[in-house]
Amino acid sequence: MNIIPIPILDDNYVWLIIKDNNAIAVDIGDDKPVLDYLGQHNLNLSAILITHHHDDHIGGVANAKSAHPNAKIYAHRLHLNPIGMNPDVVCDENDEFDILGLRFCVWRTAGHTDTHLSYLCDMDDKTHVFCGDTLFSGGCGRVFTGTIDELFASMERFDALPDDTLFYPTHEYTLSNLNFGLSVCDEMTKKQILAHKQNVDDALKKNKASLPTSLKQERLINVFLQTDSKEMINNIKQIYPLKDDDELSVFSALRELKNGF
């Protein structure tokens with residue numbers, strides 16, 4: 001089993017889960033780089049998993065399906081409406097299915113959108129989470145058709161997973177998120193972010209992805225998972241009218257600040 005990122009568009013990744021000569025693709029926002037890779041490596045596309053309905057996640061689905069008609073599309077019933085298609089397998093909270101001998105569990109991780117899904121799979125004694133635009137390394141998604149309460153609940157749900165859980169976000173936003181974190185974080189987190197930022201810089205200079213990321217790493221560098229930090233709360237109050245110190249209010253303030261960063 002191998003999991004690789006295919007860069008598409010400006011800063012997206014399509015994740016390919018490869019077993020033997022078969023592949024599962026997550027969020028095909030652009031078909032050409034994916035189809036090129038599959039052709040170059042003589043791979044058959046067995047399935048397409050969709051996390052949400054935005055064009056940079058579904059824009060290449062129709063052409064990929066046309067090129068690999070036996071590939072089944074797994075998505076929420078509304079995800080493909082913008083391109084006039086329907087999923088082959090309709091998914092939502094707690095659904096489970098098997099592809100290539102792997103068992104996937106579906107979580108509704110709303111917030112970025114109201115129907116956003118994440119796909120969890122256990123491989124090599126670890127949980128792998130294909131989380132779309134819910135969690136980013138060092139950050140989280142912007143709220144569009146979901147709510148900030150839903151996004152906070154989704155991040156809290158992720159935070160309850162084991163330390164060694166691996167997350168596969170679909171955007172290379174790590175450096176931007178780390179720079180934002182430095183503007184609000186506590187001193188201990190600052191040291192962790194600066195050390196990790198060097199690693200990310202080195203990877204990107206070699207045209208490598210900064211992802212996947214582990215939950216253990218995110219707990220050290222992701223300020224959206226540190227909403228109980230008193231020092232960070234005091235830092236936020238210097239630049240934002242934070243009226244309450246509860247974790248949802250802090251999370252909401254962080255998201256508003258990141259929107260304008």
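Guide: The side chains of D133 and H52 make a polar contact at 3.4 Å. This is a predicted model in which local features need pLDDT of at least 70, side-chain atom pairs count only at pLDDT 80 or more, and totals for chains, interfaces and linings use all residues. Residues are numbered from 1 along each chain as its sequence is written, and side-chain values use heavy atoms, with hydrogens and water left out.

Visitor: What makes the pair D133 and H52 a polar contact?

Guide: The term requires a pair of N or O atoms within 3.5 Å, one able to donate a hydrogen and the other to accept it within protein; residues adjacent in sequence count only if both atoms are side-chain atoms. The D133–H52 value is 3.4 Å, and the side chains of H171 and N12 are also joined by a polar contact of 3.4 Å.

Visitor: Why is D133 called buried?

Guide: Buried means under 20% relative accessible area (1.4 Å probe, protein chains only). D133 has 3% relative accessibility, so it counts as buried.

Visitor: Why does H171 count as buried?

Guide: Its relative accessible area is 4%, therefore H171 is buried.

Visitor: Which residues does H171 contact, beyond neighbours within four places in sequence?

Guide: Contact means heavy atoms within 4.5 Å. H171 is in contact with D11, N12, Y13, D56, H57, D133, F136 and L211.

Visitor: Which residues does UniProt list for "binding site"?

Guide: The unreviewed entry lists D56, H57, D133 and H171. They are spread over 116 residues of sequence, yet cluster in space, with a largest C-alpha distance of 10.8 Å. Such annotations may be inferred rather than shown by experiment.

Note on methods: Buried < 20%, exposed > 50% of the residue type's maximum accessible area, 1.4 Å probe, protein only.
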